[in-house]
Amino acid sequence: MNTEQALRRLELTIVRRLDGLLHGSYEGLIPGPGSEAGDSRVYVPGEDDIRRMDWAVTARTGVPHVRDLIADRELETWALADLSPSMDFGTAVMEKRDLVVAAIGAIGFLAGRIGDRFGAYVLHDEHIHRMPARSGRPALYGLLHSLAEAPRGRPVADAPDLAEAVEVLASVRRRRGLRVIVSDFLGAEPVLDPRLEPPWERPMRRLAARHQVLAVEVIDPRELELPGVGLVSLVDPETGRTREVRLTGRLRAAYAEAAAAQRAATRASLRRCGVAHLVLRTDRDWIFDIAQFVLRQRRTAHLAHRHPTSGVAR
């Protein structure tokens, strides 16, 4: 299947299945209360925030009313797509780089449904490429085509890492909006202690201080545990180094423990950054996982809106 056919199939999968799984109006990937004034409605004691009271309508009707806020429109959504060499790996139904393209496509589709312009930075080889933000499906299709056609990553000395790419995204795009990081969050030196900061944590915190941020962690099952196949030749995709290893039971157990610790450290770092965290796996139904994530985010946003914290400044 060529790139054109693959993207057409991806588009149909996203459109048909997301339309089926996400019923109702499209409020975005991480819906928030917004800032644009909407319609007035009758005040519900104990559920509505009195700071949203519409005093003009209340005085005119004699019945307490509040004014809803609707989500901002025509914003810019920017994604950071990690296409470093570690993403050229997959042992299930797709490679991790294919899942990056799929995730960017789904996010772009949701952003386009609410009118946002969509752009991307791509971490690939020795460069951080910028693809300008545009609206419309043809622009999104062109972006996905560029990602799908990108050559496989190769080991490059002093290549920019994820921390540098996040720093670029935080410093260049100042206008508030949604920022999405799609990566495996694997570095040259894995962080296994949840109390330690990986190199990308501080740039992520700076990004999250100004924008809504979604971290999409892409995982292959072989990164979590190794099969019992005896002697294997392992290649580090980031450096090109090769090493023969015999996969004994003890080694496999130690690897699984280290992989679990690395994932726990990633979760802890993202939690400290205050960003939303979505996990996609190459052996799972990624469309279903995205839909479930969006529905959870909408429920959380709805509950936060219906039960606002007292004393929080707006």
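Student: What do I need to know about the model first?
Tutor: It is predicted, with local features needing pLDDT of at least 70 and side-chain atom pairs counting only at pLDDT 80 or more, while totals for chains, interfaces and linings use all residues. Residues are numbered from 1 along each chain as its sequence is written, and side-chain values use heavy atoms, without hydrogens and water.

Student: At what angle do H5 and H6 cross?
Tutor: Roughly 20 degrees, with the axes of H5 (residues 162-172) and H6 (residues 201-210) coming within 8 Å. That makes H5 roughly parallel to H6 (angles under 35 degrees count as such).

Student: Left-handed or right-handed?
Tutor: The crossing of H5 and H6 is left-handed (the near helix is turned anticlockwise from the far one by less than a right angle).

Student: Which residues in H5 meet H6?
Tutor: Ala163, Val166, Glu167, Leu169 and Ala170 in H5 meet Pro203, Met204, Arg206 and Leu207 in H6 (heavy atoms within 4.5 Å). By class, that contact has 7 nonpolar, no polar and 2 charged residues.

Student: New topic. How many cavities of 30 Å³ or more?
Tutor: The structure holds 2 (on a 1 Å grid, a cavity is a set of points where a 1.4 Å probe fits but cannot get out). The largest cavity has about 120 Å³ of space.

Student: Which helix gives the most to the lining of that largest one?
Tutor: H1, with 5 residues (lining residues have an atom within 4 Å of a point). The elements giving two or more residues are H1 (3-21), H3 (96-113) and H4 (137-149).

Student: What classes are in that lining?
Tutor: The lining of the largest cavity has 8 nonpolar, 1 polar and 2 charged residues; Glu11 and Phe109 are among them.

Key:
Axes fitted to C-alpha atoms, helices over the stretch in contact; angles between N-to-C directions. Helix = DSSP H or I, 4+ residues; strand = E, 2+ residues; numbered from the N terminus. Parallel < 35°, antiparallel > 145°, perpendicular 65-115°, else oblique. Nonpolar A, V, L, I, M, F, W, Y, C, P; charged D, E, K, R; others polar. 1 Å grid on protein atoms, 1.4 Å probe; cavity = no way out; pocket = protein on both sides within 12 Å on 5 of 7 lines; lining within 4 Å. Points joined across faces, edges and corners; volume = space filled by probe spheres on them.
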